[in-house]
Amino acid sequence: MSAYDVLMERGFIEQTTHEKEIKELLENEKVTFYIGFDPTADSLTVGHFLPVMAMAHMQRAGHRPIILIGGGTTMVGDPTGKSDMRKMMTKDQINSNAERFKEQLSKFIDFEDDKAIMVNNADWLLDLNYVDFLREIGVNFSVNRMLTAECYKSRMEKGLTFLEFNYMLMQSYDFLALNREYNCSLQLGGNDQWSNILGGVELIRRKEQKPAFGMTFKLLTTSEGKKMGKTEKGAVWLDKAKTTPYEFYQYWRNVEDAKVQECLSLLTFLPMDEVKRLGALKDAEINKAKEVLAFEITKIVHGEEIAKQAMEAAKALFTGGAKSGSIPTTEVMKDEFEGEGMDIISALIKAKLVPTRSEGRRMVQQGGVRVNDIKVDGIDRMITVDDFKEDGTLLIKKGKKGFHQFKI
């Protein structure tokens with residue numbers, strides 16, 4: 001199977017600029033392609049993981065990826081999908097985030113023997129002469145047409161800054177720069193990047209008189225159309241210091257039934273026959289498929305050993321006994337729990353199981369909180385040193401899915 005066939009079978013492809021030519025290109029040639037990642041935070045999220053998997057499938061089929069870190073474009077900010085302008089970041093923040101992105105992405109892509117390239121668009125964007133840029137690049141873009149692009153059109157009511165209006169030109173110039181330097185002929189990205197990708201494809205064809213192509217992937221969404229990768233605590237990160245491996249595993253273990261087969265197809269390397277078999281499971285049996293999904297994704301992101309620990313922790317909690325160190329744990333001072341101790345609401349907040357005291361009270365009053373698997377009967381429940389086990393641990397459970405361990 002060609003890379004195109006693999007991506008199509010697994011459900012990645014949403015739109016292409018020239019379907020027939022792209023299909024033939026990926027079947028008959030080794031293609032240099034790129035995906036861009038703007039370092040707007042100090043870690044990649046679950047939302048980045050789908051294009052990373054597409055990149056890995058492309059590389060396995062013999063094509064060469066360029067990972068473009070957007071150190072320059074992040075200075076402007078992509079307006080796509082945003083109701084307001086992105087928060088302005090300093091160069092130091094962007095550079096620090098870029099280094100974290102490089103470190104994380106290197107786990108998924110093979111860079112040996114020039115099989116992949118990683119570059120930063122700050123290297124060519126930050127030193128551009130603005131007037132020269134407008135004369136060479138800006139002249140090729142119609143403002144009327146740009147305003148019909150979804151990334152700009154959705155912002156017209158609330159206001160679109162001229163700063164952000166430049167983003168499409170900068171991303172298009174990235175594609176041109178990579179085409180000139182590395183003969184990169186294909187840009188990939190999420191479906192929300194379609195307008196920006198079209199800009200780069202058309203710029204190369206106009207300026208260089210050479211073929212250039214674009215392909216977008218579906219976005220990970222729930223059945224209700226909301227982006228996946230969000231929890232009560234916020235984004236699901238690939239950095240284990242921001243989202244623990246246990247929390248990461250549990251996120252996928254609890255994915256809705258209707259999305260299991262799609263996630264297995266897009267986010268694991270399991271053969272499609274196995275994906276379809278697991279996806280066809282019904283009722284209680286679908287939980288087996290969810291366990292496979294959670295384990296496989298956690299294995300890719302955090303390694304097999306950590307994935308096993310997360311899986312064992314989940315099973316241990318389900319049966320009533322958790323292994324210390326395998327679930328989210330906070331080291332606490334003994335004196336915090338001496339005397340009268342700490343009230344249950346404060347403990348829930350300290351464990352980051354609830355965002356506010358009112359939410360904590362509601363959970364307790366509804367009978368959804370347990371300490372060491374014993375139901376908490378009222379909001380006046382105090383946790384003291386006596387509640388801790390001999391090994392110095394205490395487990396707080398919120399609902400069916402929330403767990404946190406304190407350790408003295």
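**Close-up 1. Strand β5 and its neighbours in the predicted model.** In this predicted model, strand β5 (residues 186-190) is largely enclosed by the rest of the structure, because five of its five residues are buried. On one side, strand β2 (residues 32-37) pairs with β5 in the parallel sense over two bridges, and Tyr 34 stands opposite Gln 187 of β5. The pairing of β5 with β6 is also parallel and runs over five bridges, with Gly 214 in β6 as the bridge partner of Gln 187. From β5 the chain passes through α11 to reach β6, and this β-α-β crossover is right-handed.

**Close-up 2. Gln 209 in the loop between α11 and β6.** Although Gln 209 is not a glycine, its phi is positive, at about 55°. Most residues other than glycine have a negative phi. Gln 209 is exposed, since its relative accessible area is 65%.

**Close-up 3. Asp 373 in the loop between β11 and β12.** Asp 373, which is placed between β11 (369-371) and β12 (374-375), is a residue other than glycine with a positive phi, near 70°. With a relative accessibility of 46%, Asp 373 counts as partly exposed.

**Close-up 4. A nonpolar surface patch with Tyr 130, Leu 134 and Phe 162.**

How values were computed: Residues numbered from 1 in each chain as written. Predicted model: local features only at pLDDT ≥ 70, side-chain atom pairs only at ≥ 80, totals over all residues. Heavy atoms only, no water. Helix = DSSP H or I, 4+ residues; strand = E, 2+ residues; numbered from the N terminus. Buried < 20%, exposed > 50% of the residue type's maximum accessible area, 1.4 Å probe, protein only. Patch = residues over 30% accessible without salt bridge, like charges linked within 9 Å, V, L, I, M, F, W, Y side chains within 5 Å. Areas by Shrake-Rupley, 256 points an atom, 1.4 Å probe, with all protein chains shown as cover. Salt bridge = Lys/Arg side-chain N within 4 Å of Asp/Glu carboxyl O. Pairing = 2+ DSSP bridges. Right-handed = clockwise from strand over helix to strand, strands pointing away.
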